[in-house]
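Please look over this fold with me.

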Amino acid sequence: MAPPHVPEILLHLADEAHDLWQRTEDELAEIGLPPPFWAFAWAGGQGLARYILDNPSDVHDKRVLDFASGSGLVAIAAAKAGAAEVIAADIDPFCATAIRLNGEANGVGIEFLGTDCIGTDAGWDVVLAGDVFYDRSFADRLMPWFATLKARGADILVGDPGRSYMPKAGLQPLAVYEVAVTRALEDSLVKRTTVWRFA
C-alpha cells in the first residue's frame, strides 16, 4: 500500500496496526526481539520522504545514509530522487528483508547496513533520519554523532513530528507537513511533521 503522504511509493505495511503491534511486541519481547517498527510508515519518515521527493537536488548524485531506516521509505525516496548510492541502516535484522522487498516493489536498489553505525563515518554526503528522537538515551547518542558528521561537511536532514527528545537548537526548518497517521500508534490522526537541517 502507499503511505498517505507519499502516494508514489509502495510499501509492505501492516494494515491491522494495533493488533499486529500489540501481538508482535508482546511475543517479540518474550524472545528479546525489537518491536516491528519496519511494518509502519511513521510520520517523521513520511514527512522526510515527501521533502526528498519534492527537493531531489538535496540528494541527487550523492551518497546517502538513511539512518534507522525501518521499512526503507526514506531510502526509497532518496533512490527515486537520484541519489548515487543509498545505504539503509537499521539494527533490526527483519529490516533487511522489509527493505529488500520494499525496494523491489519500487524498482530501486538499496544497500542494507545491519550494524549500529552511530559514531562511524563512511563518507556519506547526506544523512537522513526520520522519527529518531523518541528515546532520551538514543537521542543523547545521536547528537554528538550528527554534530561530528556535520562538522566534516555532511548534510543532516531529520523528519520529526514533535517527539519528546528532538533537540531545540541548532536546526533550520525546511518544510512542515500535516501527516495522516493511525490512532493505534500515535496520539492523534494527524501529526504536524517538520523536516529540519542541522545548521
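The points below go from the sheet to its helices and then to single residues.

1. **Ground rules.** This is a predicted model: local features need pLDDT of at least 70, side-chain atom pairs count only at pLDDT 80 or more, and totals for chains, interfaces and linings use all residues. Residues are numbered from 1 along each chain as its sequence is written, and side-chain values use heavy atoms, with hydrogens and water left out. Helices (H or I, at least four residues) and strands (E, at least two) are DSSP runs, numbered from the N terminus.

2. **The sheet.** Seven strands form an open sheet with mixed pairing. Their order is β3-β2-β1-β4-β5-β7-β6. The edge strands are β3 (111-113) and β6 (171-180), and each pairs on one side only. Two strands pair if DSSP finds at least two bridges between them. On average, neighbouring strands of this sheet are turned by 20° against each other, direction ignored.

3. Look at β4 and β5. They pair in the parallel sense over five bridges. A129 stands opposite V158 in β5.

4. **Helix α2 on the sheet.** Helix α2 (residues 43-54) packs on the sheet and touches β4, β5, β6 and β7. Contact means heavy atoms within 4.5 Å. The direction of α2 makes about 110° with that of β6. Axes are lines fitted to C-alpha atoms, for helices over the stretch in contact, and angles run from 0 to 180 degrees between N-to-C directions.

5. **Is α2 buried or exposed?** Of its 12 residues, 11 are buried, so α2 is largely enclosed by the rest of the structure. Buried means under 20% relative accessible area, exposed over 50%, and partly exposed in between (1.4 Å probe, protein chains only). The buried residues include G44, Q46, R50 and Y51. From first C-alpha to last, α2 reaches 17 Å, close to the 16 Å expected at 1.5 Å a residue. The expected span is 1.5 Å times one less than the number of residues.

6. **α2 beside α3.** The axes of α2 and α3 come within 9 Å and cross at roughly 0°. That makes α2 roughly parallel to α3. Angles under 35 degrees count as roughly parallel, over 145 as roughly antiparallel, 65 to 115 as roughly perpendicular and the rest as oblique. In α2, G45, Q46, L48, A49, I52 and L53 meet L73, V74, A77, A78 and K80 in α3. Helix α3 (residues 73-80) also lies across β1, β2 (85-89) and β4, and runs at about 180° to β2.

7. **Helix α5.** This helix (residues 136-151) has 16 residues and reaches 23 Å, close to the 22 Å expected. F138, A139, L142, W145, F146 and L149 are buried. The buried residues of α5 pack against β1 (63-67), β4 (126-130), β5 (155-160) and β7 (190-198). An α-helix has 3.6 residues a turn, so residues three or four places apart point the same way. Just after α5, G153 takes a positive phi of about 115°.

8. **A buried arginine.** R163 is found in the loop between β5 and β6. R163 is buried, with a relative accessible area of 15%. A polar contact of 2.6 Å joins the side chains of R163 and D131. A polar contact is a pair of N or O atoms within 3.5 Å; within protein, one must be able to donate a hydrogen and the other to accept it, and residues adjacent in sequence count only if both atoms are side-chain atoms.

9. **Two positive phi values to check.** D61 has a positive phi of about 65° although it is not a glycine. D61 lies in the loop between α2 and β1 and is exposed, at 57% relative accessible area. A68 is not a glycine either, and its phi is near 55°. A68 sits in the loop between β1 and α3 and is partly exposed, at 28%.
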